[in-house]
Amino acid sequence: MKSFAHLFFVLLFFVAFTNIHVCLGDCNNLQDTCPAVPPNKQTIFINGLQCKNPVNVTAQDFRTTELSKAGSADIFGASMKIVSAAEFNGLNTLGLSIGRTDLDGNGLVNFHYHPRATEMIFVTKGVLLAGFVDTKNQYFQKNLKVGDVFVFPKALFHFSLNYDFEEATFFSVYNSQNPGFVSLSPTTFDTTLESLDKIKKRLISLSASEAQDVTGFISPGLESIYS
């Protein structure tokens, strides 16, 4: 009897642990579709977004024009849009978000990370230098052209730099319906044109090797690259 009770406990623990592990990512869909109710119309609060009444679901819920145009550029010369399930209702429960980034000539997507998602980018215009830093301070970067695909692993700081004079564009897919966005604040460093050019030159200077140890050059908070 004790043996049976012990086995039952082990199985129960295994099932519980497995379920907890699954819930660390976006949960699997339990029905065909679940377009979200817009956040400002939510009547209950759950880990995710409330589904629309199936009677009210239409084809329009699965279409968006959010990525048809570039947004306004920031001080780095980059326009970045992330469209999650909150903006594109048909993505709800599918574990996906999409994005578009446009870079002016010599524009930079500043170092940032997505705490809940890996990002895969597809270049549709121009040339880019894309890279990320792992938890061992190893730096990985690659020159990209139209048609190239590059992956930024989940929760790792990454950047994209347009080192040409022409505009560049790439589209992104995230494996979470709410990837999140954490960036180094421009208020933490000098944002004059001279300082921004210095940052870009430092990034390009690392291109001698596509994967190298940058301990002492890029700290965990990346402060040194902005000093």
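A salt bridge, as the term is used in these legends, is a side-chain nitrogen of Lys or Arg within 4 Å of a carboxyl oxygen of Asp or Glu. Keep in mind that the model shown here is predicted.

**View 1. D61 and K52 pair up in a salt bridge.** Searching the whole structure turns up four salt bridges, and this is one of them. The N to O distance between the side chains of K52 and D61 is 3.0 Å. How exposed are the two partners? D61 has 8% relative accessibility, so this residue counts as buried. K52, at 21%, counts as partly exposed.

**View 2. K125 and E167 join through their side chains.** Here the salt bridge spans 3.7 Å from N to O. K125 sits in strand 4 (residues 119–125), while E167 belongs to the loop between strand 8 (158–161) and strand 9 (168–174), so the pair ties together parts that are 42 residues apart in sequence.

**View 3. D148 meets K145 in a salt bridge.** Look for the side chains of D148 and K145, with 3.8 Å from N to O. D148 has a relative accessibility of 21% and therefore counts as partly exposed.

**View 4. The largest nonpolar core holds 14 residues.** Which residues have the most contacts inside this core? They are L103, I121, L128, L144 and F150. Strand 4, strand 5 (128–133), strand 7 (149–152) and strand 9 are the elements that give two or more residues to the core. Strand 5 provides the largest share, with three residues.

**View 5. L103 and the residues it touches.** Leaving aside residues up to four places away in sequence, L103 touches G77, A78, L108, V109, L128, S160, N162, E167, A168 and F170. L128 is also listed with L103 among the residues with the most contacts inside the largest core.

**View 6. Q141 is a buried residue in a strand.** Q141 is found in strand 6 (residues 138–144). Is this residue buried or exposed? With a relative accessible area of 4%, Q141 is buried, because the cut-off for that label is under 20%. What does its side chain contact? The side chain of Q141 makes a polar contact, at 2.7 Å, with the side chain of Y139.

**View 7. T93 has a positive phi.** For T93, phi is near 75°, a positive value in a residue other than glycine. Where is T93? It lies in the loop between strand 1 (78–83) and strand 2 (97–103). Its relative accessibility of 23% makes T93 partly exposed.

**View 8. A155 also shows a positive phi.** A155 is another residue other than glycine with a positive phi, here near 65°. Its place is in the loop between strand 7 and strand 8. The relative accessible area of A155 is 37%, so A155 is partly exposed.

Key: Residues are numbered from 1 along each chain as its sequence is written. This is a predicted model: local features need pLDDT of at least 70, side-chain atom pairs count only at pLDDT 80 or more; totals for chains, interfaces and linings use all residues. Side-chain values use heavy atoms; hydrogens and water are left out. Buried means under 20% relative accessible area, exposed over 50%, partly exposed in between (1.4 Å probe, protein chains only). Helices (H or I, at least four residues) and strands (E, at least two) are DSSP runs, numbered from the N terminus. A nonpolar core is a set of buried Ala, Val, Leu, Ile, Met, Phe, Trp, Tyr and Cys residues joined through side-chain atoms within 4.5 Å. Contact means heavy atoms within 4.5 Å. A polar contact is a pair of N or O atoms within 3.5 Å; within protein, one must be able to donate a hydrogen and the other to accept it, and residues adjacent in sequence count only if both atoms are side-chain atoms.
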